[in-house]
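Good morning, colleagues. Please take a moment to look at the structure, and I shall then go through selected parts of it.

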Amino acid sequence: EEGLLSVDFTSLAGSTGPTKRLIHNQRCLPSSFSFVDNNLPPQLLETLRLYLSDDVDLYYEDPALPLEFLSAQNEHRTLSFVHHHLRLLLSRSPPSTPQHSHLLSSQAQLHIHSLPYLQQVPRRTALEERMEEESGSMRGLWEWGLLEGVQQKLRPATFKQTGRGLAATQSIEPNDVIISIPAKMIFSSASAELWWGKAVLEERGIQDDDSLAIMFAIHEWFWNKNSYWRPYWHSLPPPPPTALLLSQEDLESLSTSSLHHDLSSQISQVWSAYQELIPPLTRALPNEFPAEVYSWENFRAVRVAFDSRGFRLKLGGRERNCLLPLVDSLNTEGFSQIQGRGCLETLSEKPASCPQDEDRFVLRALGRVTEGDEVYLYYGAFSSEQLLKFYGFHLPHNPCDVFALDLDFEEDQVSPQQRSLLDRYRLGVRNFLRGEPSPIPWRLRALVGVLLATDQELDNVEAACQLSIASGRRAISELMVKDGVAQTISQALESVLSHLMETESCLSLPPPKDGTPMGLVRKHF
């Protein structure tokens, strides 16, 4: 057993819903894995892809096919998860042990698994010309970072497609630290507790983390000319056109769209939070909280900064919204060269100016990056509406655009035989369409086929199901070409088509083609 390392996912499997456990059993996936002969178990990745998938991924899972579709949808999440935990195991394993050498070999193999994913990362090279004012503010930010002990293999740059971003200053290898910043540079409610003092904050009645972070940010950004974070505030670009910055005229132009209610609600909620927090303080303590500094405009600007640039980190024993100077200059892409969204680490090698036991926020490479290429950070699985609301932009052909389609049918009109098939293949009222080019899902067509099937057809399917999952699926597939299936789905999707037309119009997308969500729906009808 020399060099044997077991990884047990029993607790992970036990904490998930019945659908994932059902798929786990149908696929005969193990719950524990062993690293033997320096091989990374392929089924380890498949199991993780399953348990890191979301409801929409599972909806598109086909019981008769491999988990390839799941792999394509959450590849980055899976690879980042394995990279992170292999690194944790390496840090706890003595270098002289066989387990350590197996883990090192597994890290190298994981890069090979990452290559198909990394080949999809868009390569964008920095432009040489830059706006003088912008480059000056960014230069001041990076000089401040270097003085404070930032380690990085990046530089600010301008790109034709994405504008301001960060480019690699050298070739970067898998697991390399791309950038790390000391914890003292992280701006959060913990910063306010450190600089203002907890006792003072309790006297002022400012206790929840989000309010505390916003109040302190207003003070440091708009009032304190000697703020430690002054280079950061000075470098921030004009705020993006998020929901909070929409004018009344803009909102009225969206009145026929499903976006109107969401955006109006967000603005109303933030305004209510401002009214509840700020005016009482400016009236009671005008010298500490002057009204002209703690204005609605400044409150809104800080809130937009946290919405569009913030990270969630565990500081002082709890999760907090944070601003990360330098790091938040990275642009987003669906395919990223970075492992996840980074984490706090204690690095063994740091600049001499930094305490050796100080935590740092670290971004590590998922794969190889070429010098001069733009480096991306995956913001998350956000729909176009979420991107517009919080970040002020949207992505055409966004794979995270998901449209829920509820097929309304009466339970008393479903026979016990139909109900048995619906439960067995997890065919329910709630269905999904993706915004990326993909066919009308098998599960949606199968649901309608079962509901329209005759008793004889249902008997044939039941008999096929007794043989195997695959044969049962083939029998259901015959129902999916039944007369009336396409017509029923077309009628159900009329409301979705209307929603897509409204959304695309509001997002100013180009005229629909086959690759757009609306073009996809038209293509199938």
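How are H18 and H19 oriented relative to each other, roughly parallel or roughly antiparallel? Before I answer, please note that this is a predicted model.

Helix H18 covers residues 455-467, and helix H19 covers residues 469-479. Their axes lie 7 Å apart and form an angle of about 160 degrees. Angles over 145 degrees count as roughly antiparallel, and therefore H18 and H19 are roughly antiparallel to each other. The crossing of H18 with H19 is right-handed.

On the H18 side, the contact is made by Glu-457, Val-461, Ala-464, Cys-465 and Leu-467. On the H19 side, the residues are Ser-471, Gly-472, Ala-475, Ile-476 and Leu-479. Sorted by class, this contact comprises 7 nonpolar residues, 2 polar residues and 1 charged residue.

Val-481 sits in the loop that joins H19 to helix H20, residues 485-492. Is Val-481 buried or exposed? Its relative accessibility is 69%, and the cut-off for exposed is over 50%, so Val-481 counts as exposed. The C-alpha atoms of Val-481 and Arg-445 are 8.6 Å apart, while 36 residues separate the two in sequence.

I turn now to backbone angles. Most residues other than glycine have a negative phi.

Asn-175, which is not a glycine, has a positive phi of about 75 degrees. Asn-175 belongs to the loop between strand S5, residues 163-168, and strand S6, residues 177-182. Its relative accessibility is 18%, and buried means under 20%, so Asn-175 counts as buried.

Leu-326 also is a residue other than glycine with a positive phi, near 75 degrees. Where is Leu-326 found? Leu-326 lies in the loop between strand S8, residues 318-322, and strand S9, residues 343-345. With a relative accessible area of 0%, Leu-326 is buried.

Finally, I come to the chain as a whole. How many helices and strands does the chain contain? There are 22 helices and 12 strands. Of the 525 residues in the chain, 50% are buried. The accessible surface comes to about 25,400 Å², and carbon and sulfur atoms contribute 52% of that surface. Among contacts in the chain with a separation of 6 or more, 71% are between residues 24 or more positions apart.

Thank you for your attention.

Technical notes: Residues are numbered from 1 along each chain as its sequence is written. This is a predicted model: local features need pLDDT of at least 70, side-chain atom pairs count only at pLDDT 80 or more; totals for chains, interfaces and linings use all residues. Side-chain values use heavy atoms; hydrogens and water are left out. Helices (H or I, at least four residues) and strands (E, at least two) are DSSP runs, numbered from the N terminus. Buried means under 20% relative accessible area, exposed over 50%, partly exposed in between (1.4 Å probe, protein chains only). Contact means heavy atoms within 4.5 Å. Accessible areas come from the Shrake-Rupley method with a 1.4 Å probe; for residues, only the protein chains shown count as cover. Axes are lines fitted to C-alpha atoms, for helices over the stretch in contact, and angles run from 0 to 180 degrees between N-to-C directions. Angles under 35 degrees count as roughly parallel, over 145 as roughly antiparallel, 65 to 115 as roughly perpendicular and the rest as oblique. A crossing is left-handed if the near helix is turned anticlockwise from the far one by less than a right angle, and right-handed if clockwise. Ala, Val, Leu, Ile, Met, Phe, Trp, Tyr, Cys and Pro count as nonpolar, Asp, Glu, Lys and Arg as charged, and the others, Gly among them, as polar.
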